[in-house]
Amino acid sequence: MFLAVREEVEAALADALAALDLPTDDLGIEEPPEDVDAVLASSVAFRLAGEVGAPPPKVAADVADAVDVGDCEYVARVDTQGPYVNFLPNDRYFADALDAAREAGYGRLDPKDTSVVVEHTSANPTGPVHVGRARNPIVGDAVANALDYAGYDVDRHYYVNDAGRQMAVFTWAYERFDEGDLADDPERDRIEYDLVRYYRKGNAYLDEADEAAVEAAEAEIESIMQGLEEGDEGTYERVSEVVDQVLGGMRECLARLPAEFDEFVKETRFMFDGSTDDVVDRMQALDEAVYEEDAWQLELDEHGIDKNLVFLRSDGTSLYPTRDLAHHEWKFDNYDRAVTVLGEDHRLQADQLRTTLELLGNDTDQLEQVLYSYVNLPEGKMSTREGTGVDLDDLLDEAIDRARDEVEDRLDDRIRDDDLTDGDVERIARQVGVGAVRYDIVSKQPTKAITFEWERALDFEAQSAPYVQYVHARCCGILNEAGDAAEVGDVDADLLDTEYERDLLRAVARFPAVVEEAAEDLEPHVVATYTRTLAERFNAFYRECPVLADDVDPELRDARLALVTAARHAVGNALDVLGVEAPESM
């Protein structure tokens, strides 16, 4: 309903401005403040004040007088508050919004005839997923979810760097060393923790061995890289034995978030099918191409980029950016939109990629890049642990442990014995712990740095994942207590006439528009912001409007049960967009 009323507001306001002979290019449509009983507002008077030569409140009044809502299905009337023009909904708006939100799939928009590939995470398969990269799968998965909810045909891809020097070193080390050559035991009983020891041993050997030994090792590493460049199947199988095992472990880690993928696209694919060679030939023909410092490069300074893009080594082997160019041209051929989630340290490479794609004749309007800042580690044992760094598994384990402690602290003996089993506690600890990590990270604008704080992330009383999850659990609890009575048919939405009921229903009605905004701007944090508002509105309703009390009129009870169902769907599906589980009990 919110999307429909917005269309009505835009049309009515545009007609009014045209009638006043005023420009209609920017209508200034926005959500009104919480204390304003309107569904939408316009700040257009600010923009027009200078042109009209009158103060904004006077302009707003004139615009409001010119607005005709006679043909609107959902707008009852227009008023002003200072410089704002407010559009107030009618009773039908609330009734239709309530009906729509009672459907389990509420918030999913109609299918669009548009395909989107979302590439995210794409960490090199050299070992466990590091916590510093945790924002990529969390943001990337939420971006993909938002696009999916908005009706796009979405594929989630992980681009596998299986052809670079790192994988050649890893393959050589895996074949060169035995278990007895490794100093340490695996940190976890999972394959990538086992195999990363070979990679570390190989790098240590290259740093510490004598010159002759290093020279021999480098020759073997070079032969692996050349074999891949030449499309040698035997070399590919050797490298894949390592890559596929490590990826299997990394997938298990990412599934804990969860972040799942439709396809793992290997960069060797674009070497073996000839597309990388084609890109190299076309790049060498560009005016920007130069051969300097034993490599082919593109000089991009005239395009505002002060660092050359190296695309071919003197030995004829390609580089990651070269293969990624072929990868992106493949995306353009197969999808209408190509979204890539990247860390801020890849900004230069992102600019080089886009510019080079344009020089190669591609329309880069299809390409959309989401850049994010990194997550600073929490204080305490995780930031001081000795070793090679903190893995994502460490963060998730500690989140679950802390959530379990919080849940246990909140349970008295009666509730613990009668209602929740040990399995229930573990389920809630996982849902709350992992949800707290995801929510805390995805709720911030991607470009803003994050310092992760356990107390904030796991605060049941503050604007955190547990705070929002508890609202969903509370909705489920009310509906479960109601039993068969919760399956109400048609209800009279006019009975929901208190400010608390109307405020909650207005918030519920906004969810489809929030999904649309998140998908259009690739900013899932707006969904997190929405869930906090929705949770606050529901809690106010819960405090002030009893649902199952004996003295509640049956028709009002049914209307309120319908509203609880609507809120449950809105908050549950919003959490689903964010990739956060919505517990039915807490």
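How many bridges join strand 5 to strand 6, and do these strands run parallel or antiparallel? Five bridges link strand 5 (residues 115–119) to strand 6, and the two run parallel. Strands here are DSSP runs of E with at least two residues, helices are runs of H or I with at least four residues, and both are numbered from the N terminus. Two strands count as paired if DSSP finds at least two bridges between them.

The model is a predicted one, in which local features need pLDDT of at least 70 and side-chain atom pairs count only at pLDDT 80 or more, while totals for chains, interfaces and linings use all residues. Residues are numbered from 1 along each chain as its sequence is written, and side-chain values use heavy atoms, with hydrogens and water left out. The pLDDT, the predictor's confidence in each residue from 0 to 100, averages 92 over the protein chain, and 96% of the residues score at least 70. Over residues 380–387 the pLDDT falls below 50, and this stretch has eleven contacts beyond near neighbours in sequence; a contact means heavy atoms within 4.5 Å. Residues 413–417 also have pLDDT under 50, with seven contacts beyond four places in sequence.

Six of its eight residues are buried, so strand 6 is largely enclosed by the rest of the structure. Buried means under 20% relative accessible area, found with a 1.4 Å probe on protein chains only. From strand 5 the chain passes through helix 5 (residues 135–149) to strand 6, in a right-handed β-α-β crossover; with the strands pointing away from the viewer, the path from the first strand over the helix to the second runs clockwise. Valine 117 has aspartate 155 of strand 6 as its bridge partner. Strand 6 is also joined by four bridges to strand 7 (residues 263–266), again in parallel, and histidine 157 is partnered with glutamate 263 in strand 7.

Elsewhere, four strands form an open sheet in the order 1-2-4-3, with antiparallel pairing. Strand 1 (29–30) and strand 3 (75–81) stand at its edges with a single partner strand each, so one side of each has no neighbour in the sheet. Six bridges connect strand 3 to strand 4 (residues 84–89), which run antiparallel; threonine 80 has valine 85 of strand 4 as its bridge partner.

Terms used:
Buried < 20%, exposed > 50% of the residue type's maximum accessible area, 1.4 Å probe, protein only.
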